[in-house]
Every structure is written in C-alpha cells, then in structure tokens.
2 protein chains.
Amino acid sequence: MTEAAKTVKTNSRTAVTPTRAENFPEWYQNVIKAADLAENAPVRGCMTIRPYGYAVWENIQSHLDRMIKAEEVQNAYFPLMIPLSFIAREAEHIEGFAKECAVVTHHRLFKNDKGELVPDKDSALAEPLIIRPTSETIIGESMHNWVQSYRDLPLKLNQWCNIVRWEMRPRLFLRTAEFLWQEGHNVFATAEEADQDARRMLDVYTDFFENYLAIPAIQGAKTPDERFPGAIETYTIEAFMQDGKALQGCTSHNLGQTFAKSSDIKFLDRDGIQKLAWTTSWGLSTRTIGGLIMVHADDDGMVMPPKLAPYQVGILPIIHDDADRSKILEFCDKVQKDLAVKGVSAKTDKSDARTSDKMWTCIKKGVPVRLEIGAREIAEGQLTYTCRDLGKDGKKKVSLQEFMSTIEGVLSHMQKDMLEQAHQKAKGMVTEIKTLKEMRDFFAAEKIGGVKIDYKLIQGSDEFEAIKKEFSVTPRCLPFSDKGQKVIVAKAY
Amino acid sequence: MTEAAKTVKTNSRTAVTPTRAENFPEWYQNVIKAADLAENAPVRGCMTIRPYGYAVWENIQSHLDRMIKAEEVQNAYFPLMIPLSFIAREAEHIEGFAKECAVVTHHRLFKNDKGELVPDKDSALAEPLIIRPTSETIIGESMHNWVQSYRDLPLKLNQWCNIVRWEMRPRLFLRTAEFLWQEGHNVFATAEEADQDARRMLDVYTDFFENYLAIPAIQGAKTPDERFPGAIETYTIEAFMQDGKALQGCTSHNLGQTFAKSSDIKFLDRDGIQKLAWTTSWGLSTRTIGGLIMVHADDDGMVMPPKLAPYQVGILPIIHDDADRSKILEFCDKVQKDLAVKGVSAKTDKSDARTSDKMWTCIKKGVPVRLEIGAREIAEGQLTYTCRDLGKDGKKKVSLQEFMSTIEGVLSHMQKDMLEQAHQKAKGMVTEIKTLKEMRDFFAAEKIGGVKIDYKLIQGSDEFEAIKKEFSVTPRCLPFSDKGQKVIVAKAY
C-alpha cells in the first residue's frame with residue numbers, strides 16, 4: 001500500500017469538500033476547480049475553459065463530429081453577428097431571445113475629452129447586430145439562397161461555434177453567457193422527413209450520451225410551453241443527476257415551416273410546383289460537460305469515462321532515490337509510447353511533486369487508470385495500477401506484459417461499467433404517481449428525483465401551475481417509452 | 001477523349017472568366033464562387049464559409065493542430081467578449097485596434113412605442129465589451145492567475161476561435177470583419193526563450209506552408225512600423241501570389257514584456273526573486289485559404305494540394321444507358337470504399353448532371369484526381385484518371401489494380417510537384433536592386449513582384465516614404481536569409 005493510499009484509509013477525508021451529500025452545488029464547483037476544468041472569466045457570466053476541460057470538449061467534438069458526418073451532414077460556418085432585422089423575422093423566436101442577447105451597436109472606440117475610451121458616436125451602426133444566440137435566422141438566409149429545386153434537398157448543415165445568451169444566474173458549463181456547441185440545421189421537402197430527421201438526430205445524441213458520455217438518456221418530447229421558440233416539436237434527452245435534479249442534455253427540433261416561412265425557403269418540386277420547405281435544428285453544447293460531472297464525479301473529484309478522458313492512463317513515476325530518476329523516467333516514457341501505439345493515451349507526471357500529490361492530482365482529475373512505476377516495480381517487473389471508478393477496490397498488481405495486453409479491455413470495460421453504474425444511480429429517480437396530490441406530497445417531502453404522471457392530469461391544471469411555482473419544478477418531457485401519455489416533472493438545471 | 005475535354009480543346013474557353021491575366025481580383029472572386037468555397041454574408045464585411053471551403057479549413061486545423069500539440073502547447077478557450085478596460089491596458093495595443101472593433105453595449109432588446117425592436121436603454125452595460133480582435137489582454141489575465149512560480153513555466157496555450165476586426169474594404173478570406181484562426185500565447189521565464197519560441201513557431205508555420213499548403217515561404221522580421229501593436233519583434237511568412245503581390249501568410253510575435261507588464265504576469269524564480277515574464281503570440285487564419293487560391297488556382301478554377309483537399313479523388317460515374325446505372329454506381333462505391341481503406345478520401349458524384357458537367361465541377365473545385373468509371377471501363381478493366389494540376393497532360397489509362405496500388409504515390413507526388421510549381425512561379429518575383437531610384441523605376445514600370453534592397457537605404461528616407469505612398473507598396477520583411485541586412489518591398493494583400 002502506498003503512503004498516499006494509507007492516508008485515505010486512515011483519515012477517510014475526501015479530496016473535495018463539501019461532499020455531494022453536504023452541499024451538491026458547492027461540491028460541483030469544487031470538482032471543476034479540483035480537476036482544473038474551467039473557471040469563471042473576468043467577463044460577467046463567461047467562463048474560461050482550462051486545457052484539461054477543453055481536452056474533454058475536443059474529444060466530444062471529435063467523436064460527435066464523426067457521427068454527425070456519418071448522417072451526411074456537412075460542416076460550414078455562418079456569421080457570429082446577426083442583423084437585428086433577421087432575428088426579428090420570426091415573432092416567437094425573437095420573443096424567446098430578445099431578453100438575453102448581446103447587442104453590438106458601434107464599430108469604433110474614441111478617446112473623449114477626459115481621456116476615456118468610449119464607443120465612438122460616429123460609428124453607431126444603422127442596424128444593431130446581435131451576437132448569435134442560435135443561428136436559425138442567419139442560416140435560413142443561406143438556405144433561401146442555396147435551395148432552389150428538390151434536387152438540392154435534403155440539405156444538411158452543421159457548425160461548431162460559440163453562442164452568447166445573457167444569463168442572469170450563470171454557472172460553469174451549465175449556464176454561461178458564452179458557450180460552445182454544434183448546431184445542426186437541415187432542410188427537407190416534406191413534413192414527414194423533417195420529423196423523422198429530428199427524431200433521428202435525437203437517436204444519434206442518445207447513442208453519444210450512452211456510449212461516450214456514459215449517461216443514461218430518457219428520450220422524449222417537450223411539452224408545448226417548454227419548446228424551442230418557433231419549433232412545432234422539441235425532442236429532448238433528459239438525464240437525472242446524482243442529486244435527483246434533471247438536466248436537459250441536448251435537444252432536436254422539428255421546426256415545421258416556421259423558419260421556412262420567415263426566411264422564404266422554397267423549392268421547385270418534381271411536379272413543377274414551388275413549395276415551402278421544412279426544417280429541423282439540433283444542438284449539443286459544453287453544458288454536457290456539466291452533466292458528465294454531475295453524473296460521474298464523486299467526493300474525491302472527477303471520474304472520466306475513458307472514451308472522453310483527456311488521457312486514459314496517468315503514469316506516476318515513484319522516485320525515492322534521485323539516482324534512479326533517469327532510469328524510472330525512461331521506463332515511463334517507454335510505457336507511454338507503447339500505449340500510444342495501441343491508441344491508449346497516457347501522460348507521465350514528471351513534476352517534482354510528491355508521489356501522493358501526483359496520485360491525488362490523478363484522482364481529482366478523474367484519470368481512468370493510474371499506473372505506479374518505481375525502482376521496485378521495474379526490478380520486480382510488477383506494476384500496480386488502479387481504476388478510478390472502483391476506488392481502492394480498483395487496485396491490481398500485474399506484470400508489464402499483462403498490463404499492456406489487457407489495458408484496452410480494462411478501459412472498454414470501465415466505459416461500459418460507468419454507464420451501468422450511472423443506470424444504477426438513475427434507477428428510482430422517477431417515481432410513478434397517479435394524482436396531483438401525490439405530486440405535491442412528493443415534492444413537499446423533498447424526495448430525490450422526479451415524478452411521472454398521466455399527461456392529461458397536468459394539462460390546463462391550476463393545481464399543477466401552483467405546484468410548479470411552489471417547488472420550482474417543470475415538465476421535463478413526455479417520454480417516448482410512454483408514447484406521449486405520461487410526463488416527467490422534476491427540478492432541473 | 002471525353003466530350004468535355006474536346007470542348008476545352010476546340011474553343012479553349014476557360015471555366016473561370018475573367019482569366020488571371022485579364023483581371024486578377026475578379027478572377028479571385030470567381031474562383032471562390034466556382035469552387036463553392038465561400039460567399040459574402042448578409043452581414044457587412046462578413047463571409048459565409050460554404051461546406052467545401054470549410055472542409056479545407058477543417059483539414060488545415062487538423063494538421064496544424066497536431067503540429068502545435070507536438071510543441072507541447074495546450075488548447076483552451078477564453079471569452080469572446082473582452083472588457084474595454086482590459087484592451088485599454090496596453091496603450092500601443094488599443095491604439096492598433098480601437099479603430100476597427102465591434103462594441104457590445106447592451107444586453108437586451110426592447111419593443112418601443114412604434115413597435116420597433118431597439119437596444120433596451122435599461123440594459124446598457126456599465127462597461128462596454130469588445131468582441132476579441134485578438135486575445136493577448138484576456139489571456140494575459142489568466143496567465144497572471146496561473147503563473148506563480150518558475151515551475152509553471154513555460155506555459156503554452158492555444159485557442160481555435162473567431163475574431164472580429166471591422167474591415168473597411170473586406171475581401172473573401174483575405175480580409176473579413178469576422179474570420180477564424182488559431183492564436184497561440186506562450187509565457188517564458190527569459191527573454192531568450194521567448195525569442196526562440198517566436199522563431200520556433202514561425203518554423204512550424206513554414207513547415208506547414210511548404211508541406212501542406214504547398215506555398216514557398218519567405219521567413220523574415222517585420223520592420224518596426226509593420227509590427228503587431230505591442231510586439232518587440234514580429235516574425236512573418238511572406239509569399240508571392242501569381243499576380244506578383246505579396247501576402248502576409250501568418251505571423252509570430254515576440255511580445256517582450258509588453259503584455260507581462262500590462263497584465264502583471266510575474267513568477268517567483270529559482271533564486272527566490274519575483275520577476276516579470278516574457279510572452280509570445282502567433283496566429284494563422286482563414287486568410288491562408290486566400291493564399292492557397294492565389295498561389296495554386298488557374299483559369300479553370302481551384303487546384304487543391306492533396307493534403308488539404310476536402311476529397312482527393314472525384315469519382316465520375318459515366319452513365320450512357322440507364323440500365324447500367326446501378327452496376328456502375330455499385331462499382332464506384334466499391335472503389336470509394338477501397339480508397340478509404342488506404343486513407344484516400346473520395347467522393348462519387350451521384351447527381352443526375354451530365355458527365356461533362358460533373359467533370360467541370362471537379363475541375364473548378366480543384367479535386368486532385370478525377371476518375372471516370374463507365375460501363376466500358378468496367379468491361380475493359382481499364383480506368384481513366386486525370387491529375388488536376390497537369391491539365392490535359394495529366395490524363396492516364398490504367399487497370400483498376402494499378403490505380404489502387406499507385407494512387408497514394410500519385411497524390412504525394414502531386415503534393416510535392418505543386419510546391420515545386422509554386423517555387424517556379426515565385427522565382428523572379430523578387431528583384432534585387434541597389435538604389436531607391438531603381439525602386440521607383442521598378443514600380444513605375446509596373447513590373448511583376450517586389451524588390452529587395454539594402455535595409456539602411458529605406459530607413460528614415462523621405463524618398464522611400466514618397467515611393468510607398470505613390471505606388472501603395474510596403475516593406476514586407478527583412479528576410480532571415482539576408483540576416484536582416486535587406487528588406488523586401490512590394491504591393492501586398
């Protein structure tokens with residue numbers, strides 16, 4: 001047993017305080033800090049994504065981008081700044097975003113009499129520009145130009161970009177004034193194709209949630225009040241966090257002809273008749289990293305699913321005697337290179353920190369596998385590795401050869417296991433109830449999770465509106481598994 | 001000979017008009033249009049990067065990102081909106097960017113009495129935010145927080161993002177109000193390391209220019225007037241375009257202690273003394289796609305270097321008889337899949353366009369290799385392929401087996417050949433001269449390219465200032481190859 005491991009055992013303190021049970025929101029912030037994922041930027045509501053956190057986003061991008069391209073979607077890039085008149089074309093849409101947008105009004109600064117820099121009045125824009133809160137309207141303009149005939153359809157576009165929505169109560173990853181996402185925008189000739197596409201992209205997201213993020217996804221439709229402004233259907237993935245609140249993971253919208261009308265997206269069909277097109281949009285953002293934390297992290301910090309981990313193996317050189325240093329580091333380099341050949345990413349901690357600190361850094365960052373290599377390990381030919389998700393039960397002593405031949409299996413097993421563990425945690429998060437009275441009692445008793453109830457019982461119900469207000473709960477979705485007959489109601493991020 | 005090829009031969013029209021010789025700037029715009037690379041957006045000075053153009057940027061990103069990471073640089077993400085006070089911290093810097101920035105002043109819209117949407121006065125920001133024209137100041141703030149000790153150095157950061165600079169004379173790719181780039185920002189303990197780093201990153205860019213963009217790069221230092229605002233040295237890659245104008249490809253700055261001072265980036269050194277750090281920054285943008293066009297494209301459109309081509313082989317199914325359609329398309333699919341296994345990207349044109357139109361689409365898009373597959377080709381087992389860079393001389397008839405076993409070599413040969421051709425075109429673009437009189441005569445005679453002259457002759461010279469003004473020329477760089485003794489002067493994009 002290493003010294004550090006002893007420390008854990010003897011005083012059983014956690015690396016992150018407070019614990020999840022003590023104060024979940026504060027625990028969340030502290031996991032982000034302990035794992036060096038992100039921090040509040042010196043710009044109101046914005047975050048700086050630190051290298052370790054950004055590496056997670058790069059992995060999300062690389063896997064999801066491949067899946068999106070497999071759907072024959074093409075990436076492109078559209079302007080950041082959208083003329084106000086474009087946003088204003090669709091009444092419901094502008095209503096939804098007018099209250100939270102960054103408005104560009106000038107294009108030059110000017111030094112005034114007092115020597116202060118101020119926006120130059122002479123550079124005031126005739127028409128203000130809005131920093132994109134989403135891009136339906138500006139992409140709609142391109143669709144209007146690019147779509148002429150049924151031959152141009154379907155047209156499937158996606159962009160990876162930054163978005164600004166002025167958040168009043170920002171929270172790292174979950175709700176920030178600026179965030180990163182991908183937004184897909186597809187155009188079809190028929191209503192059926194558009195709805196199928198919106199559902200199809202939700203399936204792609206579900207696959208990504210379960211097999212990459214290792215987060216069990218509840219697929220469903222949003223109730224009308226919770227739809228994206230302008231959508232005729234919003235499909236969503238809802239997931240339950242460890243504290244029992246729901247998180248809207250990502251959404252896929254059937255926009256019907258709303259934006260085809262406002263952007264005039266028409267095509268000449270096979271029958272020689274000009275028709276209005278049908279569009280969809282679908283997006284997944286840096287918010288998913290918040291979900292990753294709230295589903296997998298524990299009281300010692302982050303736990304990364306291997307497929308998205310910035311590095312999968314953390315190599316910890318144990319140097320008791322300085323004379324061994326170069327031999328040990330050389331050995332570590334060799335292991336790291338051999339792992340790279342297998343497609344396993346590893347990083348050797350070459351800092352002069354103490355071994356226990358190196359170990360705790362790995363734990364807090366949620367590195368899937370820690371591998372200890374010291375003079376004794378090299379002499380004996382036996383290495384010790386520990387799987388992050390299993391705590392101290394995850395420790396094993398094996399030969400180098402065995403480690404090399406089994407590591408891919410260990411990681412893929414951990415990936416599956418984390419989904420299974422998340423399933424276990426999510427189980428029981430949804431309680432089936434039959435009456436609004438039961439709903440009130442459930443939330444009044446501060447029970448963990450949400451409830452599922454006959455959808456008809458909440459429609460137009462004053463009592464439901466009262467419960468929503470009193471307990472800050474919302475309808476999360478009408479799960480597909482219940483064929484739209486039932487609704488899940490819960491507190492949410 | 002195909003019908004389309006005959007057309008070329010008989011009337012020798014070009015796919016793009018005007019030709020380079022007739023009107024280079026208009027030819028440039030029309031190549032972009034013919035190849036579907038980008039277009040002007042409905043937002044002043046901004047562009048929409050179309051899927052085919054964005055795929056080039058994705059390839060640039062993927063190769064360059066790998067090279068940047070090999071330099072132990074970590075990617076991260078910093079806010080889009082920078083408080084005015086941050087930008088104002090460094091006098092020279094704000095002077096350089098104040099005239100061309102997008103200023104966010106409000107965070108909400110409001111419907112006035114006339115029913116017009118206007119920025120809501122009650123949402124006016126106490127401090128305006130500037131859309132990043134570059135990120136030294138906001139990243140400097142993070143460096144101030146992250147760098148405490150010599151152990152934290154060097155710190156090497158990079159971000160891929162969008163940038164806004166209000167361009168008065170926008171031009172697709174070359175100068176747009178919004179563009180995409182990567183910006184690297186490194187911190188060091190010593191002046192020497194910072195200067196070495198700025199030069200090192202220029203070497204990385206040079207490698208990228210020559211071996212990916214296939215553009216010969218002239219490495220050098222900018223003259224003081226042409227330096228980045230705040231830099232003590234700006235290193236640059238200059239390249240000559242086919243019309244003889246120079247293009248600043250990308251730059252790498254030794255920022256000395258300018259931003260370390262204004263952002264207070266200090267570290268406790270080994271000797272226990274707190275010291276100011278030294279920083280560098282370096283960037284490459286979507287502008288390089290403009291260079292790619294102006295160096296390689298011809299009067300028939302784009303010519304893509306294979307390493308950056310969205311797809312390297314354009315498969316053209318030749319369907320004379322509808323009965324053959326499915327057989328031919330199946331065969332094309334098989335070829336495309338076999339190529340993918342080799343890591344060669346291909347795309348089959350399954351549209352119902354005429355064969356000659358399909359061929360011209362490939363030519364205009366600059367697809368490196370066109371492969372024709374029809375019923376006869378399948379029956380004979382002989383395929384015809386054409387290399388884009390060689391015109392009609394690039395046509396060859398080979399067996400499928402030979403095509404498959406040689407295609408990788410054909411592409412890598414083409415990549416090298418394009419650099420060699422670009423070298424040939426660039427040769428003679430720089431004329432060595434000895435006096436300012438010769439310089440005046442050179443530009444007055446409207447000769448192609450620029451001149452190289454003893455740097456001492458232009459320093460503080462009124463005659464040089466007059467020449468600059470009269471002929472719109474600028475000092476491009478002091479080439480490293482001349483050890484800073486000489487300067488290249490030319491018109492530039």
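Select V487(B). It is buried, with a relative accessible area of 0%. Keep in mind throughout that this is a predicted model. V487(B) sits in strand β25 of chain B, which runs over residues 486-490.

Now show what surrounds V487(B). Beyond its neighbours within four places in sequence, V487(B) is in contact with T223(B), V451(B), K452(B), I453(B), Y455(B), I458(B), P475(B), C477(B), L478(B) and P479(B).

Go to I315(B). Strand β17 of chain B, residues 313-318, holds this residue. Is I315(B) buried or exposed? I315(B) is buried, at a relative accessible area of 0%.

Select its contacts next. Leaving out neighbours within four places in sequence, I315(B) touches C332(B), V335(B), Q336(B), A346(B), K347(B), T348(B), D349(B), L371(B) and I373(B). Then pick L329(B). L329(B) is 14 residues from I315(B) along the chain, and their C-alpha atoms are separated by 9.9 Å.

**Over to chain A**

Select S285(A). S285(A) belongs to strand β16 of chain A, residues 278-285. Its relative accessible area is 10%, so S285(A) counts as buried. Which residues does S285(A) touch, not counting those up to four places away in sequence? They are W57(A), F179(A), L180(A) and W181(A).

**Salt bridges within a chain**

Over all chains the count comes to 62 salt bridges.

Start with D36(A) and R50(A). They form a salt bridge, and the closest N and O atoms are 3.8 Å apart. The pair links distant parts of the chain, 14 residues apart. D36(A) is in the loop between α2 (24-34) and β1 (38-40) of chain A. R50(A) is in the loop between β2 (47-49) and α3 (51-70) of chain A. D36(A) is partly exposed, with a relative accessible area of 28%. R50(A) is buried, at 19%. D36(A), E39(A), R50(A) and K365(A) are linked in a network of salt bridges.

Move to E141(B) and R89(B). Their side chains meet in a salt bridge of 3.0 Å, N to O. E141(B) lies in helix α6 of chain B (residues 136-146), while R89(B) lies in the loop between α4 (84-87) and α5 (91-97) of chain B, so the pair ties together parts that are 52 residues apart in sequence. E141(B) counts as buried at 16% relative accessibility. R89(B) is partly exposed, with a relative accessible area of 35%.

Next, take K275(B) and D269(B). A salt bridge joins their side chains at 2.6 Å, N to O. K275(B) is partly exposed at 26%. D269(B) counts as buried at 18%.

**Where the chains meet**

Show chains A and B together. The contact takes 60 residues from chain B and 60 residues from chain A. About 5,000 Å² is buried between chain B and chain A, and carbon and sulfur atoms give 67% of that area. Which three residues supply more of the area that chain B buries against chain A than any other three? Select Y77(B), H107(B) and L109(B): they supply 13% of it.

Now look for polar links. Between chain B and chain A there are four salt bridges. One to select is E58(A) with K69(B), whose side chains meet at 3.2 Å, N to O. The interface also has 28 residue pairs in polar contact. The side of chain B that touches chain A has 39 nonpolar, eight polar and 13 charged residues.

**How the copies are related**

Step back and view both chains. A rotation of 180° with 0.0 Å of shift along its axis superposes chain B on chain A, at an RMSD of 0.0 Å. The two copies are thus related as by a two-fold rotation axis. Where is the axis? Select V104(B): in chain B, its C-alpha is the nearest to the axis, at 2.1 Å.

One last check. Of the interface residues of chain B, 100% are also interface residues in chain A, so the copies meet through the same surface.

Note on methods:
Residues are numbered from 1 along each chain as its sequence is written. Chains are lettered from A and ligands numbered from 1 in the order in which they are written. This is a predicted model: local features need pLDDT of at least 70, side-chain atom pairs count only at pLDDT 80 or more; totals for chains, interfaces and linings use all residues. Side-chain values use heavy atoms; hydrogens and water are left out. Helices (H or I, at least four residues) and strands (E, at least two) are DSSP runs, numbered from the N terminus. Buried means under 20% relative accessible area, exposed over 50%, partly exposed in between (1.4 Å probe, protein chains only). Contact means heavy atoms within 4.5 Å. Copies are superposed by least squares on the C-alpha atoms of residues with pLDDT of at least 70 in both. Buried area is the accessible area (1.4 Å probe) that two parts lose on being put together, summed over both. A polar contact is a pair of N or O atoms within 3.5 Å; within protein, one must be able to donate a hydrogen and the other to accept it, and residues adjacent in sequence count only if both atoms are side-chain atoms. Ala, Val, Leu, Ile, Met, Phe, Trp, Tyr, Cys and Pro count as nonpolar, Asp, Glu, Lys and Arg as charged, and the others, Gly among them, as polar.
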